[in-house]
Structures are given as C-alpha cells and as structure tokens.
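Q: Hi! Could you walk me through this structure with me asking as we go?

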Amino acid sequence: MYEKIQEAYGNEFNGISISYSIEDEPLGTGGAIAKAMSFTKSENILVLNGDSFIKFDLDEICNNIPNAENQSLLVLKEMYKVDRYGSVVLEDNVISDFEEKQYKETALINAGVYILNRNVFNGKGLPEKFSFEKDFLEKEVKNKSLFGIVINGYFIDIGIPEDYLRAQTELEKEINK
C-alpha cells in the first residue's frame with residue numbers, strides 16, 4: 001500500500017525531499033535496505049524498522065557514528081524480564097554477539113535503528129534478496145564492525161497484537177512528552 005504513503009507525503013515533507021524505493025517483489029530486509037540506499041547521496045544513512053518505535057536524540061546518535069565505511073551503528077535498548085527478543089552482547093561499545101531468544105532478567109535488544117555507511121554492503125557477496133539480520137548483522141559480528149549505543153527512551157515493538165493495541169494509546173502520549 002505504498003501508494004497511500006506517496007499520496008499523503010508526495011515528493012517533499014517539511015522541506016525534505018522524498019524518494020521512494022519500491023520493491024517489485026520482496027527483497028528481504030537486507031535487499032530492501034540495499035535498494036533504498038541506492039537512492040541516497042549521504043555518506044551515512046539512518047535506517048529505521050517500521051514495526052517498532054524508540055524515542056531518541058538524533059544528535060546523540062550522530063555523535064556516535066563510526067568513521068569507517070565498513071562499520072555500522074545499532075541503537076540498543078535495555079529491557080527487563082524479556083524472552084520475546086534476541087539479545088545483543090556489547091563489549092566496549094562493540095557488538096560481540098547476538099544471542100537467540102530466551103528468558104533473561106535483563107538484556108540489551110536491537111531497537112531497530114541503524115546508521116549505515118552507504119558502502120557497508122560492498123564486497124560482501126550478498127544476493128539481491130537477503131536478510132539484514134541473519135545474512136549481514138550476524139555475520140559482521142566476527143569482523144568487530146558493529147557498534148552499539150544504548151538509548152533509554154520509550155520503546156515499543158508492535159509485532160504482537162497486545163503491543164499493537166497498547167501502542168494506540170501510548171505512542172501519542174510519549175511523542176508529545
């Protein structure tokens with residue numbers, strides 16, 4: 001239903017030019033990101049998951065952007081009593097592992113916000129269709145090229161019906177704080 005987004009926002013929003021990357025067939029999360037990045041001109045690109053929200057200060061994120069083209073920054077959120085998400089192991093701001101979903105009293109999770117250098121996929125031998133999480137992030141851990149920043153802002157993932165319903169009331173309150 002991309003037409004509804006195009007109809008609502010057109011080619012510009014608040015003085016910012018908009019380009020649309022439309023998939024003729026599903027490319028997977030990674031393929032979709034790679035295709036969209038081909039429309040960009042910036043050196044570093046802000047990528048956001050569409051099914052989650054985290055309140056953060058963009059300046060804080062930008063001040064932590066890695067400076068090499070093979071490095072990426074992931075926004076992380078500390079969660080409590082969680083089993084619905086995989087967890088991220090962070091050592092000295094470098095992501096050292098992604099762990100499968102399991103119950104943990106406290107865990108860092110991937111909040112679905114990334115700063116990617118426009119050339120981050122170059123030389124990786126990735127197909128046109130690929131999973132950003134499995135085929136890229138999980139393989140990049142060994143290269144120590146993934147950095148993390150922990151953000152304490154409000155977070156919600158609408159991937160399950162209960163949280164989708166909760167978002168209907170909470171998001172407006174949180175955004176207007």
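Q: Is Glu 25 buried, exposed or partly exposed?
A: Glu 25 counts as partly exposed, at 42% relative accessibility. Buried means under 20% relative accessible area, exposed over 50%, and partly exposed in between, with a 1.4 Å probe and protein chains only. One caution: this is a predicted model, where local features need pLDDT of at least 70 and side-chain atom pairs count only at pLDDT 80 or more, while totals for chains, interfaces and linings use all residues. Residues are numbered from 1 along each chain as its sequence is written, and side-chain values use heavy atoms, with hydrogens and water left out.

Q: Which side chain does Glu 25 meet in a salt bridge?
A: That of Lys 129, at 2.4 Å from N to O. A salt bridge here is a side-chain nitrogen of Lys or Arg within 4 Å of a carboxyl oxygen of Asp or Glu. Lys 129 lies in the loop between strand 8 and helix 4, and Glu 25 in the loop between strand 2 (16-17) and helix 2, so the pair ties together parts that are 104 residues apart in sequence. Lys 129 is partly exposed too, with a relative accessible area of 45%.

Q: How are those helices and strands defined?
A: They are DSSP runs numbered from the N terminus: helices are H or I with at least four residues, strands are E with at least two.

Q: How many salt bridges does the structure hold?
A: Nine. One of them joins Arg 84 and Asp 157, at 3.5 Å from N to O. Arg 84 is in the loop between strand 5 and strand 6 (87-91) and Asp 157 in strand 10 (residues 155-157), 73 residues apart.

Q: Which residues are linked with them in a network?
A: Asp 163, Arg 166 and Glu 170 are linked with Arg 84 and Asp 157 in a network of salt bridges. Asp 157 counts as buried at 14% relative accessibility, whereas Arg 84 counts as partly exposed at 21%.

Q: OK, new topic. What's in the largest nonpolar core?
A: It has 19 residues, and those with the most contacts inside it are Leu 116, Phe 121 and Phe 132. A nonpolar core is a set of buried Ala, Val, Leu, Ile, Met, Phe, Trp, Tyr and Cys residues joined through side-chain atoms within 4.5 Å. Helix 2 (28-37), strand 3 (44-48), strand 5 (72-82), strand 8 (104-117) and helix 4 (132-140) each give two or more residues to this core.

Q: And what does Phe 132 touch?
A: Leaving out residues up to four places away in sequence, Phe 132 touches Thr 29, Gly 30, Ile 33, Tyr 114, Leu 116, Phe 121 and Leu 137. Contact means heavy atoms within 4.5 Å. Another core of 15 residues lies apart from that one, with Ile 54, Ile 61, Tyr 85 and Ile 115 among them.

Q: Which residues of helix 2 are buried?
A: Gly 30, Gly 31, Ile 33 and Met 37. Seen down the axis of helix 2, they fall within an arc of 160°, so they line one face of the helix. The arc is taken from the directions from the helix axis to the C-beta atoms. Their cover includes strand 3, strand 8 and helix 4.

Q: Last one: is Ile 109 buried or exposed?
A: Ile 109 is buried, with a relative accessible area of 0%. Its place is in strand 8, and its contacts beyond four places in sequence include Val 75, Tyr 85 and Phe 155.
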